[in-house]
Amino acid sequence: MVATEGASDARIVSRALEILRPDVADFFRFIDVEERHHFWGTGNLVKFAEGLLRIDIQNKVLFLLDNDAEGVDAYRKLQELRLSSNMHAMRLPDLDEFRSFPARGPEGITACDINGRADAIECYLDLNLVGYPAAQVVWSNYKKDIGTWQGALDHKECYKRRSPYRVERRLHFPRMLSATQADCPNTPVDLERAAGDPRCSEVRKSKNNSARATRSLARSG
C-alpha cells in the first residue's frame, strides 16, 4: 500500500506507473484519501502512521512524501516513530534540475535550489502551461524546526487539473520511479527489484495463464 499526502499525489504517481512501468503497476495499491481515509497533508499522514503502528498492521506500507520543507519535516517525524520492518517512508528524490529553479520571494525572482524546500509532486508534471508565465515556486513560510523555507509551485492547481496528466518521460518521473533511497533500500518503490522478484514473476505467470485459459474457453464456446 502507498500512502501519499493527497489524492492528486496518488493519481499522479499511479498514472506514472501505468505509463512508465506497466509491468509492475498492478503490484501497488494507493490508499484512497478522498473516499475512505481523510488524512491528507503531512501532519495527518504522520498521525495515520502512528495509528497503523498501534494496531500492528502487517501489510507493507510506503509513506511517500514531497521533497519540500513540509515533507522533510514529516519524514523526520516518521523516522522518530521507529517504523516496523513492513513500513517505510521516503521523500521524492533530489534532482539536479531543481538545483536552479525560478523562485519568487521578497527580493523578486531568483534561481534557487528547491530540493528539500519546494520540490513537490506537481514539479514532476509537464510545466509548460499555455496562458501562464514560466513555472516558478513561491516562498511562503519559514519552518523553524528544520531551519528552511517552505515553497510551492505557483498555479499548481492548474497543473494538476490537466487530464490525463502529461508525464515528463525524459526528465523527472523516470528518475523518481527508479530512485531507491539509501535509508530504505527494500521499499516497495524499488521497481527494478520488484520486476525481477521471482514472486512477482510467478504472480505475473499465473495471471498470464489465467488470461490464456479464459481466451481458450471463449474460443471453444
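Me: Is Arg-82 buried or exposed in this structure, and where in the chain is Arg-82 found?

Reply: In this predicted model, Arg-82 has a relative accessible area of 73% and therefore counts as exposed, the cut-off for that class being over 50%. Arg-82 sits in the loop that runs between helix 3 and strand 4, the latter covering residues 87–91.

Me: What is the phi of Arg-82, and how should I read a value like that?

Reply: The general idea is that most residues other than glycine have a negative phi. Arg-82 is not a glycine, yet its phi is positive, at about 55°.

Me: Which features does Asp-56 show, in its phi and in its accessibility?

Reply: Asp-56, again not a glycine, has a positive phi of about 55°.

Me: How do helix 2 and helix 3 pack, and at what angle?

Reply: To read such a pair, one takes the angle between the axes together with their separation, and an angle under 35 degrees counts as roughly parallel. Here helix 2 (residues 42–54) and helix 3 (residues 69–80) have axes 9 Å apart, packed at an angle of about 15°, so the two helices run roughly parallel to each other. The crossing by which helix 2 passes helix 3 is right-handed. On the side of helix 2 the contact is formed by Thr-42, Val-46 and Ala-49, while helix 3 contributes Glu-70, Gly-71, Ala-74, Lys-77 and Leu-78.

Me: What makes up the largest nonpolar core, and which of its residues touch the most other members?

Reply: The general idea is that nonpolar side chains tend to be buried together in soluble globular proteins. In this chain the largest nonpolar core holds 32 residues, and those touching the most other members are Phe-30, Phe-98, Phe-101, Ile-114, Val-137, Leu-153 and Tyr-159. At least two residues of this core come from each of helix 1 (7–20), strand 2 (61–65), strand 5 (101–105), strand 8 (137–143) and helix 4 (156–160). Helix 1, with four residues, gives the most to this core.

Me: Which residues is Phe-101 in contact with, once its neighbours within four places in sequence are left aside?

Reply: With those neighbours left aside, Phe-101 is in contact with Thr-110, Ala-111, Cys-112, Ile-114, Leu-127, Ala-135, Gln-136, Val-137 and Leu-153. There is also a second, separate core of 17 residues, which includes Leu-65, Ala-74, Tyr-75 and Leu-78.

Me: Where is Tyr-132, and which residues does Tyr-132 touch, not counting residues up to four places away in sequence?

Reply: Tyr-132 is placed in the loop between strand 7 (118–119) and strand 8, and with a relative accessible area of 37% Tyr-132 is partly exposed. Beyond its sequence neighbours up to four places away, Tyr-132 touches His-155 and Cys-158. Between Tyr-132 and His-155 there are 23 residues of separation in sequence, and their C-alpha atoms are 8.5 Å apart in space.

Me: How many helices and strands does the chain have, and what share of its residues is buried?

Reply: The chain has seven helices and nine strands, and 45% of its 221 residues are buried. Among contacts in the chain with a separation of 6 or more, 70% join residues 24 or more positions apart.

Notes:
Residues are numbered from 1 along each chain as its sequence is written. This is a predicted model: local features need pLDDT of at least 70, side-chain atom pairs count only at pLDDT 80 or more; totals for chains, interfaces and linings use all residues. Side-chain values use heavy atoms; hydrogens and water are left out. Axes are lines fitted to C-alpha atoms, for helices over the stretch in contact, and angles run from 0 to 180 degrees between N-to-C directions. Angles under 35 degrees count as roughly parallel, over 145 as roughly antiparallel, 65 to 115 as roughly perpendicular and the rest as oblique. A crossing is left-handed if the near helix is turned anticlockwise from the far one by less than a right angle, and right-handed if clockwise. Contact means heavy atoms within 4.5 Å. A nonpolar core is a set of buried Ala, Val, Leu, Ile, Met, Phe, Trp, Tyr and Cys residues joined through side-chain atoms within 4.5 Å. Buried means under 20% relative accessible area, exposed over 50%, partly exposed in between (1.4 Å probe, protein chains only).
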